Amino acid sequence: MAQTVRGVIARSKQTPVEVTEIVVPDPGPGEAVVRVQACGVCHTDLHYREGGINDEFPFLLGHEAAGVVESVGAGVTDVEPGDFVILNWRAVCGSCRACRKGKPWYCFSTFNAAQPMTLTDGTPLTPALGIGAFAEKTLVHAGQCTKVDPQASPAAAGLLGCGIMAGLGAALNTGAVGRGDSVAVIGCGGVGSAAVAGAHLAGATTIIAVDLDARKLEWAKGFGATHTIDASATDPVAQIQELTDGFGADVVIDAVGRPETWKQAFYARDLAGTVVLVGVPTPEMRLEMPLLDFFSHGGSLKSSWYGDCLPSRDFPTLIGLYRQGRLDLDAFVTETISLDEVEQSFAKMHRGEVLRSVVVL
């Protein structure tokens with residue numbers, strides 16, 4: 001039987017979200033219904049609400065979530081009712097050209113649930129990133145469920161579903177930070193602070209946090225930054241070079257995603273160093289630089305999409321490190337809120353007051 005539960009939707013562009021009743025169908029083949037326990041408020045949800053992703057309103061928001069599998073459809077074998085899972089938006093297909101090459105973290109054909117969730121009048125909802133977890137329950141493809149240690153806090157574990165995984169993965173996977181490396185992270189909100197934490201976890205010995213906001217620089221120090229740079233008061237490129245014996249950092253991660261910060265990342269790296277873009281640019285942004293500089297500097301220029309993660313590999317490993325006390329996911333949870341407080345949390349996020357607000361159900 002279909003179930004009626006509460007969820008947070010955006011009905012039209014740039015209007016406040018609302019809590020309303022939604023209908024969650026029974027899982028079909030390959031699908032699962034998950035009872036959501038916690039869901040982080042990610043900037044991507046705000047992009048959906050503002051019409052920055054597409055115009056397929058109404059949206060069921062929320063995607064950075066953890067919960068318990070309630071029921072599964074035919075053919076589902078990887079998870080079963082009662083499993084504690086983190087939801088992900090990269091349910092690898094196993095058959096696209098990336099998967100066939102043995103690089104499933106680049107999967108080009110990920111799965112979502114086939115059935116729609118709806119409003120009570122039958123209007124189909126578009127779930128954010130194929131998940132829609134600002135709801136008491138949600139319907140997803142079973143491949144979007146990754147089983148992890150049930151002793152983990154749902155509020156902390158769910159953050160691996162998007163932003164925190166993006167930052168950790170930018171350092172650990174895309175940037176391949178290693179022991180003894182020097183790393184600079186430009187932009188130290190949730191994603192950037194997670195990149196700092198990832199660099200620390202990988203054994204980097206010099207970790208430089210760059211931001212305009214003193215509060216965010218303090219956050220970064222808590223996650224392992226050895227140095228901080230206030231970019232409102234000094235040239236971050238010159239400072240990064242000074243802190244790395246005049247050479248520049250081995251890996252520079254741009255967690256802002258603007259032409260100005262990307263150029264800073266490019267010139268702040270060592271010769272043959274790596275630049276990782278994990279901040280998301282807007283469509284109108286353009287980059288103009290001398291081509292000779294690309295030739296003369298060498299190295300790698302990479303973009304990191306979802307931290308190049310493979311949920312089945314990375315989520316259990318990172319939760320294991322969290323349980324061992326080696327990765328402080330709890331520190332990313334600034335506050336816990338109810339479904340009714342999502343709109344206010346967007347405003348706090350916009351003002352830079354929180355690393356993560358987390359809806360707890």
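The area buried between domain 1 and domain 2 comes to about 710 Å², with carbon and sulfur atoms giving 76% of it; buried area here is the accessible area (1.4 Å probe) that two parts lose on being put together, summed over both. The model is predicted, so local features need pLDDT of at least 70 and side-chain atom pairs count only at pLDDT 80 or more, while totals for chains, interfaces and linings use all residues. Residues are numbered from 1 along each chain as its sequence is written, and side-chain values use heavy atoms, with hydrogens and water left out.

Domain 1 spans 3–161 + 328–360 and domain 2 spans 168–304, with bounds from an automatic or database domain assignment. The contact (heavy atoms within 4.5 Å) takes 9 residues from domain 1 and 11 residues from domain 2. On the domain 1 side, Phe 332, Gly 352 and Leu 355 lose the most area to domain 2, together 64% of what that side buries. Across this interface the rule finds 0 salt bridges, a salt bridge being a side-chain nitrogen of Lys or Arg within 4 Å of a carboxyl oxygen of Asp or Glu.

A cavity is a set of points, on a 1 Å grid over the protein atoms alone, where a 1.4 Å probe fits but cannot get out; its volume is the space filled by probe spheres set on the points, which are joined across faces, edges and corners. Among the residues lining the largest cavity are Val 41, Met 349 and Arg 356, where lining means having an atom within 4 Å of a point. Leu 355 also belongs to this lining.

Technical notes:
1 Å grid on protein atoms, 1.4 Å probe; cavity = no way out; pocket = protein on both sides within 12 Å on 5 of 7 lines; lining within 4 Å.
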